Amino acid sequence: MELQGKRIVLGVTGGIAAYKAAELVRLLGKQGAEVQVAMTEAAMHFVTPTTFQALSGRPVFTDQWDARMPNAMAHIDLSRQADCIVVAPASADFLARAAHGFADGLLATMVLARDCPLLVAPAMNRQMWESPATQRNVAQLAADGVAILGPACGEQACGEVGAGRMLEPEEIVEEVVAFFAPKVLAGRRVLITAGPTFEAIDPVRGITNLSSGRMGYAVARAARHAGAEVTLVSGPVGIPAPQGVDRIDVLGALDMHAAVMARAQAADIFIGVAAVADYRVANAAGHKLKKDEGGIPPVELIENPDILAEVAALTDGPFCVGFAAESHNLEEYAQAKRRRKNIPLIAGNLIQDGFGSDDNRLVLFDDTGAHPLTPAPKSVLARQLVEHIAKLTGAA
Ligand code: C5P
């Protein structure tokens with residue numbers, strides 16, 4: 001429920017993507033938002049107000065002269081009650097009107113009269129999107145502080161392929177959640193490792209650690225929501241990269257080490273969440289080992305570099321944060337790890353509390369001692385960790 005209590009006016013304008021706005025209403029509602037829909041005349045050619053009324057649980061506004069508002073000022077009242085206005089899909093016509101301050105029709109007038117942020121998700125044919133007029137209008141809106149969400153590239157309803165597709169409803173919700181997050185890491189470059197590493201024995205077998213990657217991915221998402229530019233160096237996991245995060249896939253600890261060291265100096269903050277294998281296989285076979293090749297194959301192990309400790313040892317390197325997963329003696333082991341790696345902050349958890357699950361119990365350890373966080377979903381803990389990092393780095 002990342003939009004709990006947020007009041008959102010969803011403006012729907014005329015375009016084939018209007019049918020996706022129905023799903024958007026449902027998803028915003030699922031995140032706890034109260035959604036009030038306002039439609040243009042053109043939007044009603046694609047979807048009916050009844051659809052939105054049923055999904056939002058509220059009557060839909062379509063007319064500036066709606067008699068339901070006692071003061072006959074729907075355009076003022078709707079925006080005053082809102083935390084933000086989201087227009088999705090935003091047609092070329094709507095963008096032009098909004099950019100020029102037109103006040104014809106409920107939606108344009110409401111946008112002009114608003115005292116809350118405006119987010120627009122453009123949707124139109126690629127030529128309409130690329131036209132100098134639309135590009136001018138979008139640049140003007142961006143300069144006026146309007147958040148432009150997308151558009152995406154791809155196949156269009158008209159059969160053409162290019163930029164102009166509305167972002168998917170899930171992507172719009174993600175952008176709205178990001179929009180409301182306090183920008184405590186604005187402009188910071190954050191490098192994060194996540195997931196396990198896989199140390200090959202042969203092309204199909206290997207040694208790995210149990211790690212779903214969910215905690216590291218949650219940290220990457222929270223850092224991006226906080227305004228950071230995020231690079232995520234990820235071992236093999238089965239989850240998608242958070243939106244707006246640059247993901248680099250690696251397999252073994254040596255790949256992860258190389259990917260991190262190439263970027264560490266340019267980062268402001270490094271967060272090592274990956275469960276890096278302590279050892280790799282020195283005698284990995286280039287071909288698949290066969291059972292009948294003679295006896296049990298010997299596996300020689302060789303120690304992997306400690307990525308976090310190496311980044312922490314860089315002169316003028318980033319602010320470093322580690323993770324410690326322990327089965328007991330959490331404080332003692334986590335603090336010892338923090339000192340040994342010479343890092344200012346480590347997040348500790350007991351293996352039995354968080355493995356493979358969406359929830360976790362974290363304790364942050366820094367120079368001032370232990371800061372236990374209330375057990376919560378990893379997304380919430382990640383946000384609290386990001387806030388703690390922002391505090392320690394003087395960014396918040
Ligand atoms: O050394 P240990 O694995 O117990 O410490 C855990 C922390 O160190 C995590 O932040 C992990 O990402 C990082 N680490 C690393 N490279 C290694 C081993 C651990 O970056 N080779």
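Tutor: Before we start, a definition: Ala, Val, Leu, Ile, Met, Phe, Trp, Tyr, Cys and Pro count as nonpolar, Asp, Glu, Lys and Arg as charged, and the others, Gly among them, as polar. Please keep in mind also that this is a predicted model.

Student: Which residues are they?

Tutor: The ligand is surrounded by Gly272, Val273, Ala274, Val276, Pro305, Asp306, Ile307, Leu308, Gly322, Phe323, Lys337 and Lys341.

Student: And which helix and which strand each supply at least two residues of that shell?

Tutor: They are helix H11, residues 307–312, and strand E16, residues 319–326.

Student: Which side chain has a polar atom 2.7 Å from an oxygen atom of the ligand?

Tutor: That side chain belongs to Lys341. Backbone atoms take part as well. A polar backbone atom of Phe323 is 2.8 Å from an oxygen atom of the ligand, and a polar backbone atom of Ile307 is 3.0 Å from a nitrogen atom of the ligand.

Student: How much of the ligand's accessible area does the protein cover?

Tutor: On its own the ligand has 440 Å² of accessible area, and the protein covers 86% of that.

Student: Where does the ligand sit, then?

Tutor: The ligand sits in the largest pocket. This pocket holds about 990 Å³ of space.

Student: What lines the largest pocket?

Tutor: Its lining has 40 residues, and Val273, Ala274, Ala275, Val276 and Phe323 lie nearest the centre of the pocket. By class, the lining divides into 19 nonpolar, 13 polar and 8 charged residues. Several elements each supply at least two residues of the lining, including strand E8 (189–194), helix H9 (214–225), strand E13 (269–272) and helix H12 (330–340). H11 and E16 are also among them.

Student: New topic: the backbone. Is the peptide bond from Ala88 to Pro89 cis or trans?

Tutor: The bond is cis, with omega near -5°. Pro89 is placed in strand E3, residues 84–90. The peptide bond from Gly150 to Pro151 is cis too, with omega near 0°. Pro151 lies in the loop between strand E5 (147–148) and strand E6 (152–155).

Student: Is phi of Asn329 positive or negative?

Tutor: Phi of Asn329 is positive, near 45°, and this residue is not a glycine. Asn329 lies in the loop between E16 and H12.

Student: Why point out these cases?

Tutor: Because most residues other than glycine have a negative phi, and most peptide bonds are trans.

How values were computed
Residues numbered from 1 in each chain as written. Predicted model: local features only at pLDDT ≥ 70, side-chain atom pairs only at ≥ 80, totals over all residues. Heavy atoms only, no water. Near = heavy atom within 4 Å. Polar contact = N/O pair within 3.5 Å; in protein donor to acceptor, adjacent residues only side chain to side chain. Areas by Shrake-Rupley, 256 points an atom, 1.4 Å probe, with all protein chains shown as cover. 1 Å grid on protein atoms, 1.4 Å probe; cavity = no way out; pocket = protein on both sides within 12 Å on 5 of 7 lines; lining within 4 Å. Sits in = over half its atoms within 2 Å of the grid points. Helix = DSSP H or I, 4+ residues; strand = E, 2+ residues; numbered from the N terminus. Points joined across faces, edges and corners; volume = space filled by probe spheres on them.
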